[in-house]
Every structure is written in structure tokens, then in C-alpha cells.
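Work through the exercises below with the structure open beside you. Try each task before reading its solution.

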2 protein chains.
Amino acid sequence: MTETVLAVLNQPSRDAAPHDPAADAFTFAGPLEEHIQVQDLGIIRGDGVFETITVVDGHPQAVEPHLARFERSARMLDLPVPDVDAWRRAVEAVCAELDPVREAFVKTVLTRGVEGAERPTGWVYAAPSGDSTAARTEGISVVTLDRGYRHDVERTSPWLLQGAKTLSYAVNMAALREAARRGADDAVFVSTDGYVLEGTRANLVLSVGGRLVTPRTDIGILAGTTQADVFRFAAEAGIETAYELITLDDFHAADAAWLVSSVRQAAPIRAVNGNAREIDAELTTRINEFLLAREV
Amino acid sequence: MTETVLAVLNQPSRDAAPHDPAADAFTFAGPLEEHIQVQDLGIIRGDGVFETITVVDGHPQAVEPHLARFERSARMLDLPVPDVDAWRRAVEAVCAELDPVREAFVKTVLTRGVEGAERPTGWVYAAPSGDSTAARTEGISVVTLDRGYRHDVERTSPWLLQGAKTLSYAVNMAALREAARRGADDAVFVSTDGYVLEGTRANLVLSVGGRLVTPRTDIGILAGTTQADVFRFAAEAGIETAYELITLDDFHAADAAWLVSSVRQAAPIRAVNGNAREIDAELTTRINEFLLAREV
């Protein structure tokens, strides 16, 4: 067992010829060695998709929803469709090799491959997660940032790839730096027509009059795997849930708010644009206990 | 000499410690070997910048404008500032190693490096260019595609990184696929408020009443190195030039239009959204002869 683990997919997609059904799905490789060529379109064009899966006590969570979104993102980019069975086996194998730690993460990455080679590149990487205790208990401060798009571009302009989880995340990382410049921990994107969208790497969930509400997923945002499980928690707890168009005013008026994502799970928002807001510590604890105990 | 050449920068930036001024600027490496780790932020976040430089008869063109834009892009992403002297030496060395071909290209890439390592990754890769004769003589067909942004987002929302040449090019590549789906060779992006912006990997130049006109460079587009040299050609030829806000109507009404870029140089536009338009064959030839003969 080792601290970080890497499995390189031998055949990331059944679409990419030649496909040998008898070949091993993956090969373990040195995580700190070099595995990517400089002409891989994943690096020179950010042309690929990824998922980040939480691993608790060696057990990967929400694997099927992550792999389903991975496949959906790949289709949105006209990438060879990932061979989900091979990826699932690689995820499980990498988790089994990881040093026992309370919380870790697995990242699955599929790129279009080396320019001209017509063969996708794929790997699964796992490492221990950083400590999210402070974010989960004390909460995080966020700023709201313009994403520059209307809320309907996913439908009008699919080539903008909104709603796909691509490797082209430079804007997300720049928004995170802008948040830090403004003294905040994270950013929440807002559409040019005034709707709250999502975090830089997380979904937004609000508590409104006893209900849990999240932005509709057809407005150019990712359908969150953790958000879906927060709603599963709510169903079990008898809390009503809804997907809605949420304005900035709705966000400010909510009783409580969280950014929810793999790895960090539910981080209560304790300030927006420098203005403190209430956090619901009791509900936050219940949500995170549910999320960290997930068996599937 | 070899068909493709790769030089890996030993110290891509003087900002990244430790900086050893006595070390070699770069090391030649096998272009088809693996040089990038899977946790390089260039690949998992598209977090880096690049330039593509034309090489004609072994001579790289517009090197200083390219390196200046490379540095500008790096600053826009808060990357360690590239050590331009080291990059220039690597570009020259790579060109000197390349097999003699009429036209080649050099790509410079700077990434934020492996996550947590605080050390940027940099390389210079060179290869022969594909044949652009048909695009230069017969012309190309384009479609206009919504970029989703207003023309002023570079000023209002700098975290959107418009105007930086980043590795997060998945949208550009998706736009190119959308153009192909519509039977066209390339796409021209248009702002949500109706201004013509740029191609997926090129700048737009119009001929309007005897003048050459290009979109203003403060509207979230790249300042083109080839476009600048087309204007240098115009100055020498006594043709007036201007940077303007150009509407879709202006584009349709222009006497002639080109997408200009490194590698392909000036490609006359012979159809927009399926509607044929005049090309100025004589002026196109003069422009490309000028571009291909550039000594700097």
C-alpha cells in the first residue's frame, strides 16, 4: 500500500480501435513518474473530462453517479465514450491499494489523447484528502462573481460546454484566486441575468423556510453528485427539496446556505461578499454525518 | 536533426525558487516520450498558457511579439512570469534542430506545474506544419457562433481570462467541431451584444472601402501577432488600417475578410453561414507573400 496510487487505463473507451476485450482494464504506475506526452490534447487544449470521488475508510462514494456524469461530460465533448466497467474496476483497485486513511479522493481523467493519435488517454489517481474539518464546522466565506453567461447558454450555445466537467478549468481557478484576493475562501458564480449558479468546484444548497433548495441543473451548471445525496438525506429526514431558479436576492434571503462537493462535503457559508450570515450548525452536522457514512 | 523536437525548460521562470542562473536554460528531450505528471495543473485544470510560432525555412517569426503575449497571458493567470531569455533560447535551439522544411511551427507551453510543487512546467515543441495552401488560395468557410459573453467582460470580469491565451481551450475546440457539423471549416465568435470577436484560433481582418479593419483588442480577444504583421504589410503598402468595434452587419458588408493566424497565415473567407462571399485573391497573395517572407 502507498500514499498515492495511479492506475493508467489500457483501453479508456471501447470506441477507440483497436479494442481488445481480453486486455487488462488498467495498469498500476508510479504516481510521481511522467505519463503524459506534451502533445496530449488534455494539456495543450484542456480537452478532456474528469470526476473527483470521495473515499471514506477506503470506500469510494457515489461511484455510479460520478461515472454516469463522467460519461455524460465525455458525450458533450464528443470524446470516445468511457468504458464504465473498466473505469469502475480501476477506481476500486486504486482504493484497495491506498494506505488506510479516514478520507481520500480518487480523480478519474479522460483526455482526447495525443494529437493525431486517435486514442484517448485515461487514468485514475488517488491520494489522501486535506483536512476539511474547519470548512465543515466553522464554515466558509464566499464572494459572488459574474460568470459572464446568461443562465440559458447550455441550451442556446452547447459549444460553450456549460454543464460538462471539463479539464478547461482555468476560469474556475482564476475565480478562486479572485475570491482569495477579496479575502474569501471560495466564489459563487452568478449569471448575467441574475441567477445564482454554482461554486467554482461545488454546488449551492439553500435552506429556505424549512425546505432545501438548489439551482435547477439545466442552467449551465453541473448536476452535483453530493447535492443529490444531500437531497437523499433530506428525503430520509422528511425535509422537502426543490430545484429552482434562484436569484441573488433569494440567496441573500435564505435561512442557511452550503457549498456541497466531493472531498469537502457540506461547507456552511458564513459570509457572502463580506456580510456575515447565519449558519445552521445542527443541520450541517447531520448532513455531513450522512454524507460521510454513505455506503453507495 | 529530427522531424519533431522538444526542449524542456529547466527554469521556466526566474520567480520560481530555487533559481540557479548558472543552469542551462533547457534540455532536449524525446518528443514522443512522457514528460508530464498526471497531477500537473496544466492537464487537470487547463491551468497554463501557450503560444504557437510559425517557422519558415527554419526561421521563427514574430518571436518577440509572441513571447510578449506569452508573458502577458502568464500575468493574467498569476503564473510565475516566464524567463523570456530562456524561452527565446529554447525556441531558437529547437528551430536549429528541426529537419529542414518550408513551414513548421513551435509551441511554447507554461503550466502552473504539479499540484502542490510550486514549480511551473515549461517546454518548447516543434514539428512540421500541415499544408495550408488550399486555405490560403481557395479560402475557408466559416460559421458565426455565440461566445456567450458581452464584448466588455475583459474589463468587468477579469477572472473570465478573456484575452489570455490559456490551455483551457475546450470551448474553442468544441466550436470548431460545431463548425464542422455545420459543414464549415472554422468559426467566428460573436459577443452576446452583437460584436464580431475572433476565430477559434485566429483573428479576423476585414477589407472595408480600401482599408483593413480588425476588431478592437480590448473586447476579450487575443491581440494577434499575425494580425499585427498584416497591418505592418498594410503600412508598407500604403493601405489604411483601423481597430474598431465591428458588428455582424459590418462583417457581412465587408469587401473581403480573412482569418489570420500563425501556421495558416491569411485564409480568405469564402462563405459565412453558408452564404458565399467574394475573396480578394490578389490582396490575399500579397499578404501571404509578406507574411511568409518575415525576417522578424
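This is a predicted model: local features need pLDDT of at least 70, side-chain atom pairs count only at pLDDT 80 or more; totals for chains, interfaces and linings use all residues.

Residues are numbered from 1 along each chain as its sequence is written, chains are lettered from A and ligands numbered from 1 in the order in which they are written, and side-chain values use heavy atoms, without hydrogens and water.

**Exercise 1.** Describe how H2(B) packs on H3(B).

Solution. Find helix H2 (residues 63–76) and helix H3 (residues 84–97) in chain B. Helices are DSSP runs of H or I, at least four residues, numbered from the N terminus. The angle is about 135 degrees, and the axes lie 11 Å apart. H2(B) is therefore oblique to H3(B) (angles under 35 degrees count as roughly parallel, over 145 as roughly antiparallel, 65 to 115 as roughly perpendicular and the rest as oblique). Next, list the contact residues (contact means heavy atoms within 4.5 Å). H2(B) supplies Val63(B), Glu64(B), Leu67(B), Phe70(B) and Glu71(B), while H3(B) supplies Val84(B), Trp87(B) and Arg88(B). In this contact of H2(B) with H3(B), 5 residues are nonpolar, none is polar and 3 are charged.

**Exercise 2.** Is H7(A) roughly parallel or roughly perpendicular to H9(A)?

Solution. Locate helix H7 (residues 225–237) and helix H9 (residues 281–292) in chain A. They pack at about 110 degrees, with axes 10 Å apart. So H7(A) is roughly perpendicular to H9(A). Now look at the contact. Residues of H7(A), including Phe233(A) and Ala237(A), meet residues of H9(A), including Ile287(A) and Phe290(A). The contact of H7(A) with H9(A) holds 7 nonpolar residues, 1 polar and 4 charged.

**Exercise 3.** Which residues have the most contacts inside the largest nonpolar core?

Solution. A nonpolar core is a set of buried Ala, Val, Leu, Ile, Met, Phe, Trp, Tyr and Cys residues joined through side-chain atoms within 4.5 Å. The largest has 92 residues. Val106(A), Val124(A), Val106(B) and Val124(B) have the most contacts inside it. Another core, of 31 residues, lies apart from it and includes Phe50(A) and Leu167(B).

**Exercise 4.** Is Gln61(B) buried or exposed?

Solution. Start in the loop between strand S4 (59–60) and H2 of chain B, where Gln61(B) is found. Its relative accessibility is 1%, so Gln61(B) counts as buried (under 20% relative accessible area; exposed is over 50%, partly exposed in between, with a 1.4 Å probe and protein chains only). Beyond four places in sequence, its contacts include His66(B), Gln265(B) and Arg294(B).

Notes. Axes are lines fitted to C-alpha atoms, for helices over the stretch in contact, and angles run from 0 to 180 degrees between N-to-C directions. Helices (H or I, at least four residues) and strands (E, at least two) are DSSP runs, numbered from the N terminus. Ala, Val, Leu, Ile, Met, Phe, Trp, Tyr, Cys and Pro count as nonpolar, Asp, Glu, Lys and Arg as charged, and the others, Gly among them, as polar.
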